[in-house]
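Try each task before you read its solution.

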Amino acid sequence: MAGCQCTQAAGCPTVSGNFTRLGINIDNYDFLIALAGNPNTGKTTLFNALSGLRQHTGNWPGKTVVRSEGAFRHHEYKYKVVDLPGTYSLLSTSEDEEIARDFILFGNLDCVVVVVDATALERNLNLVLQVLEITDRVVVALNLMDEAERKGLYVDARKLSRELGVPVVPMVAREGKGIDQLLQTVEDVVTGRLSTRPRRIDLDPQIEEAVQQLLPHLKNLYPHLSNHRWLAMRLLEGDRSIEDAIRNDALADPETGSTVPADEEIPELEAALEV
Amino acid sequence: MPASLADLDTGQKARILDLRLQGLERRRLMDLGFTPGTEVEVVMKAAFGDPIAYMVRNTKIALRKQQAEQIIVEPIS
Ligand SMILES: Nc1nc2c(ncn2[C@@H]2O[C@H](COP(=O)(O)OP(=O)(O)O)[C@@H](O)[C@H]2O)c(=O)[nH]1
Ligand SMILES: [Mg+2]
């Protein structure tokens with residue numbers, strides 16, 4: 001067990017078992033995970049507890065606009081963990097949202113941990129559902145359970161998990177409570193021992209048909225991506241940042257370079273870009 | 001003449017009836033918690049009433065006056 005470097009008044013979050021904080025030693029990791037969530041849900045507190053680093057927590061004017069990276073070892077696996085900027089949505093209408101969204105979309109993540117505030121679930125679940133549209137490798141960290149209890153709120157984590165189709169782990173990140181179970185659950189997801197069935201919203205049949213028309217073209221253009229359905233939905237919604245990314249070839253596979261042949265026109269895609 | 005969020009005074013509460021916006025702008029405000037049926041309270045107004053801070057679903061969110069004018073509400077006395 002590595003020496004604990006945190007200086008929080010609450011003391012050092014305790015994590016039992018085979019766990020080592022590795023700070024910024026992020027080379028040669030086995031799995032990449034990210035912490036997403038609304039602002040002020042305890043993402044950075046959890047990040048610090050996992051990595052042993054000391055990023056700013058609480059409401060401070062600088063905010064996390066860049067993402068911080070750290071590492072830890074748990075059981076036989078080494079993890080790189082990324083603390084994403086807090087956002088209410090992944091629509092990419094601000095720099096924070098764009099960083100968080102691009103990382104969840106294109107970051108090749110093994111798991112997204114969405115940290116939610118148990119005292120404001122209604123607000124927090126909006127982002128959870130958006131993340132579930134993009135990836136099924138999701139674990140929900142139901143944080144601030146102490147605050148919920150103080151306010152007389154009881155949150156049924158098992159029922160929430162059944163309804164969302166992904167694991168939900170109750171936590172008090174500031175006291176290190178629930179971190180053991182979170183790490184075990186993340187391990188189950190990244191190793192494929194646990195498969196999730198994320199709740200997704202049924203589309204209107206007409207929109208579903210339009211999505212189905214776009215899908216083969218997007219799959220053909222971007223074989224290296226895994227979220228074609230999400231891309232198709234954003235295109236139909238008229239999302240400028242996605243339209244631009246397609247026009248500028250920003251979604252091309254970095255390994256093989258450009259994917260859109262300059263002289264080839266795809267009518268369905270052109271039509272979607274025109275909307 | 002229905003009221004908009006921008007018409008309310010500091011400390012006043014209202015319930016959202018409708019958003020007079022379409023597409024991404026509408027979606028953006030809904031993601032911030034401004035959905036029909038939700039209760040909102042004005043917590044602070046900047047000089048000249050722009051921006052305005054609202055308490056909505058347990059969180060303080062500031063809106064430009066121009067956005068607040070598009071959110072139709074029913075004041076709660
Ligand atoms: N009561 C309580 N406070 C917490 C908990 N986790 C984090 N906090 C506090 O919540 C505030 C926001 O935490 P932070 O990690 O900066 O949130 P972030 O914006 O999501 O990165 C800080 O003051 C933390 O000390 C928790 O489980 N219980
Ligand atoms: Mg933070």
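A polar contact here is a pair of N or O atoms within 3.5 Å. Keep that cut-off at hand for the first exercise, and bear in mind that this is a predicted model.

**Exercise 1. Find which atoms of Asn40(A), Thr44(A) and Ala173(A) lie beside an oxygen atom of ligand 1.**

Solution. 
- Begin with Ala173(A): one of its backbone N or O atoms is 3.0 Å from an oxygen atom of ligand 1, which falls inside the 3.5 Å cut-off.
- Move to Asn40(A), where a backbone N or O atom again faces a ligand oxygen, at 2.8 Å.
- Finish with Thr44(A): here a polar side-chain atom lies 2.8 Å from an oxygen atom of the ligand.

**Exercise 2. Work out how much of ligand 1 the protein buries, and which elements contribute to the shell around the ligand.**

Solution. 
- On its own, ligand 1 exposes 580 Å², and the protein buries 85% of that area.
- Two or more shell residues come from each of α1 (43-51) and α4 (145-150) of chain A.
- The top contributor is α1(A), with three residues.
- Around the ligand there are 16 residues, and those that come nearest are Asn40(A), Lys43(A), Thr44(A), Thr45(A) and Gly58(A).

**Exercise 3. Locate the largest nonpolar core and say where its residues come from.**

Solution. 
- Count first: this core holds 50 residues, and Ile104(A), Leu142(A) and Leu164(A) have the most contacts inside it.
- Helix α3 (residues 121-134) of chain A supplies the most, namely seven residues.
- Now check the domains: domain 1 (8-190) and domain 2 (205-274) of chain A each provide at least three residues to this core.
- Zoom in on Ile104(A): leaving aside residues up to four places away in sequence, its partners include Leu84(A), Leu90(A), Val131(A) and Ile134(A).
- Look then for a second, separate core; it has 27 residues, among them Ala49(A), Leu182(A), Leu183(A) and Ala173(A).

**Exercise 4. Step back and describe chain A as a whole: what share of its residues is buried?**

Solution. 
- Chain A contains ten helices and seven strands.
- Of its 275 residues, 51% are buried.
- For contacts between residues at least 6 apart in sequence, 69% link residues at least 24 apart.

How values were computed:
Residues numbered from 1 in each chain as written. Chains lettered and ligands numbered in written order. Predicted model: local features only at pLDDT ≥ 70, side-chain atom pairs only at ≥ 80, totals over all residues. Heavy atoms only, no water. Core = buried A, V, L, I, M, F, W, Y, C linked by side-chain atoms within 4.5 Å. Buried < 20%, exposed > 50% of the residue type's maximum accessible area, 1.4 Å probe, protein only. Helix = DSSP H or I, 4+ residues; strand = E, 2+ residues; numbered from the N terminus. Domains from an automatic or database assignment. Contact = heavy atoms within 4.5 Å. Near = heavy atom within 4 Å. Polar contact = N/O pair within 3.5 Å; in protein donor to acceptor, adjacent residues only side chain to side chain. Areas by Shrake-Rupley, 256 points an atom, 1.4 Å probe, with all protein chains shown as cover.
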